[in-house]
Amino acid sequence: MPVDDKTTEIFLRAMDLRREQVLKAYDNPGRGITNSTYVFETTEGEYLLRLPGRGTEMFCDRRAEWALYGQLKDEHITDEVCYFEPDTGVRVTVYYPGSHVINTADGAELERGMALLRRFHGLRLQGPRPNTALQRMEYYIQCVKDVGGEEFYPAEYWAVRERVLSVCPPYYGDGSQFQLVHGDCLPHNFLFPKGREPVLIDWEYAAVSGPMEDLGDFCHDGDLPAEACIRLLEVYLGRKSTSAERRKLFAMCASAAIMWGTWSVFKAKMEPEDRPFYQDYAQLGVRYARESLDRLSLEGERK
């Protein structure tokens, strides 16, 4: 699909290029559910332009994202930033032709992806204040209310939310283990550039919480069954998991799922042209939260 003139002008201004230097421009073929992204092939290289999605200014701190990219610049964990407007969130990064996102069924790729995540968590970066999935969920509920989007909640949303709130908070502990987490640790944010080590992309949801919450994000978005969740946990840990660790993982899966389900309700209201997608994603969040609580309960019976 051709890129419109306004979008092209944003890119040219950001990169200080002339229109004749653009060889090709098109919508990014990869999946993106928060922003709009476009690929520009130019005489100077290939780049990815990100334009923030509607309403994202309500829950994405772009200035904090810009600062985090600066912190991680020399760690070889992220994609390469060429341009970033911290006030608007307009960003240009290097585009990696032939790259692919992590294959959740490929054991070798899971090993490399989880090694990358462990390396990030091992930095133990800190942030200004805790912002767990449950806290984000409550904020998104208010966002939905502010824009009048209550009609888009799935039928069983409130019942599942109450179950999450009755079960999951103790698994966060006293907060002493909290640190900066990716906050949007979905499979499609693990990018494998051709011939290079993987990188983590899209840091606009980075938050202060427990590291295992990133695994919960991954499991939910990948719609992983229980055995695949446990396999992911053990690849991340580098050893067999304990029953307590498995229960905590399922609590994080439930928390992440209901949070993203709430976020999807907001997006369904804000982006009517993509409403069916966001409604389906909200349904996934509620269903996966319920299933994760059932898995937690079953694991508790086995211990």
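Let me start with helix H2, residues 62-72, where the buried residues are Arg62, Glu65, Leu68, Tyr69 and Leu72. Viewed down the axis of H2, these buried residues fall within an arc of 110°, so they line one face of the helix. Bear in mind that this is a predicted model.

What covers that face? The cover over the buried residues of H2 includes strands E2 (35-42), E3 (45-52), E4 (81-84), E5 (91-94) and E7 (179-181), along with helix H3 (107-122). At the start of H2, a side-chain oxygen of Asp61 comes to within 3.2 Å of the backbone nitrogen of Arg63.

Now the sheet. It is open, with 5 strands in the order E1-E2-E3-E5-E4 and antiparallel pairing. E1 (22-27) and E4 are the edge strands, each pairing on one side only. From one strand to the next, the twist averages 20°. E1 and E2 run antiparallel and are joined by 5 bridges; Asp27 stands opposite Tyr38 in E2.

Two helices to mention here. Helix H1, residues 5-15, packs on the sheet and touches E1, E2, E3, E4 and E5, with its direction at about 115° to that of E3. H2 also packs on the sheet, touching E2, E3, E4 and E5, and its direction makes about 150° with that of E4.

Last, the cores. The largest nonpolar core has 73 residues, of which Met114, Leu117, Val164, Phe190 and Leu215 touch the most other members. Helix H8, residues 243-270, gives the most to this core, 15 residues. A second core, separate and also of 15 residues, includes Val3, Val22, Tyr38 and Leu51. Back to Val164: leaving out residues up to four places away in sequence, Val164 touches Leu134, Pro169, Ala254, Ser255, Ile258, Ala289 and Leu293.

How values were computed. Residues are numbered from 1 along each chain as its sequence is written. This is a predicted model: local features need pLDDT of at least 70, side-chain atom pairs count only at pLDDT 80 or more; totals for chains, interfaces and linings use all residues. Side-chain values use heavy atoms; hydrogens and water are left out. A nonpolar core is a set of buried Ala, Val, Leu, Ile, Met, Phe, Trp, Tyr and Cys residues joined through side-chain atoms within 4.5 Å. Buried means under 20% relative accessible area, exposed over 50%, partly exposed in between (1.4 Å probe, protein chains only). Helices (H or I, at least four residues) and strands (E, at least two) are DSSP runs, numbered from the N terminus. Contact means heavy atoms within 4.5 Å. The arc is that of the directions from the helix axis to the C-beta atoms. A polar contact is a pair of N or O atoms within 3.5 Å; within protein, one must be able to donate a hydrogen and the other to accept it, and residues adjacent in sequence count only if both atoms are side-chain atoms. Two strands pair if DSSP finds at least two bridges between them. Axes are lines fitted to C-alpha atoms, for helices over the stretch in contact, and angles run from 0 to 180 degrees between N-to-C directions.
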